[in-house]
Amino acid sequence: MGALLGYTTIALPQWKNETNIELRLDENESSLYASLFWIIGIICSPIGGILSGWLGRRKIVMIASPLVICGWLIIGFAQDKIMLYIGKIICSGEYPI
């Protein structure tokens with residue numbers, strides 16, 4: 001979780017100055033990107049609580065870990081803003097669990 005929050009703090013200034021127009025984030029887009037973690041947390045926390053009670057925390061983390069890896073890969077290989085958002089959403093969805 002710390003890596004996802006810390007990465008956003010470091011990456012946002014770089015994306016504001018990005019030379020590729022497809023990846024350049026303005027103030028509103030940067031704010032949305034930074035807040036996606038908390039928005040997804042509100043949605044996924046109840047679902048994660050129910051699944052954790054049903055399957056157990058260890059199994060949920062084992063199931064969700066490949067999704068987080070996919071999310072980080074999408075962020076790392078992003079070609080446009082949509083890929084950045086999708087990767088952040090995928091990564092954020094696992095942490096409230």
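Trainee: In which helix of the chain is confidence lowest, and in which is it highest?

Mentor: The lowest mean belongs to H1, at 82, and the highest to H3, at 89, where the confidence is the predictor's own value for each residue, called pLDDT, on a scale from 0 to 100. For the chain, the mean pLDDT is 86, and 95% of its residues reach 70 or more. This is a predicted model, in which local features need pLDDT of at least 70 and side-chain atom pairs count only at pLDDT 80 or more, while totals for chains, interfaces and linings use all residues. Residues are numbered from 1 along each chain as its sequence is written, and side-chain values use heavy atoms, with hydrogens and water left out.

Trainee: How many helices and strands does the chain hold, and what makes a segment a helix?

Mentor: The chain has 4 helices and 0 strands, and its elements run α-α-α-α from the N terminus on. A helix is a DSSP run of H or I with at least four residues, a strand is a run of E with at least two, and the numbering starts at the N terminus. The C-alpha atoms of the chain fill a box of roughly 45 × 20 × 20 Å along the principal axes.

Trainee: What bends are found in H1, H2 and H3, and at which residues do they lie?

Mentor: A bend is the angle between two axes, one fitted to the seven residues ending at a residue and the other to the seven starting there. In H1 a kink of about 30 degrees lies at Ile10, shortly before the proline Pro13. H2 bends by about 45 degrees at Ser35. H3 bends by about 30 degrees at Ala64, with the proline Pro66 following within four residues.

Trainee: Why is Ser92 called buried, and Val68 as well?

Mentor: A residue is buried when its relative accessible area is under 20%, exposed when that area is over 50%, and partly exposed in between, with a 1.4 Å probe and protein chains only. Ser92, in helix H4, has 0% relative accessibility and therefore counts as buried. Val68, in helix H3, stands at 8%, so the conclusion is again buried. The C-alpha atom of Val68 is 4.7 Å from that of Cys91, although these residues are 23 residues apart in sequence. Leu73, also placed in helix H3, is partly exposed at 46%.

Trainee: Which residues of H3 are buried, and how might their spacing be understood?

Mentor: They are Ile60, Ala64, Val68, Gly71 and Ile75. An α-helix has 3.6 residues a turn, so residues three or four places apart point the same way. In H1, the buried residues are Leu4, Thr8, Ala11, Leu12 and Trp15.

Trainee: What makes the pair of Lys16 and Glu27 a salt bridge?

Mentor: The term requires a side-chain nitrogen of Lys or Arg within 4 Å of a carboxyl oxygen of Asp or Glu, and the closest N and O atoms of Lys16 and Glu27 are 3.2 Å apart, which meets that limit. Lys16 lies in helix H1 (residues 2-16) and Glu27 in helix H2 (residues 27-55), so the pair ties together parts 11 residues apart in sequence. Lys16 is partly exposed at 33%, whereas Glu27 is exposed at 56%.

Trainee: How many salt bridges does the structure hold, and which residue pairs with Lys81?

Mentor: The structure holds 2 salt bridges. Lys81 pairs with Glu29, the closest N and O atoms being 3.1 Å apart. This pair links distant parts of the chain, with Lys81 in helix H4 (residues 81-94) and Glu29 in helix H2, 52 residues apart.
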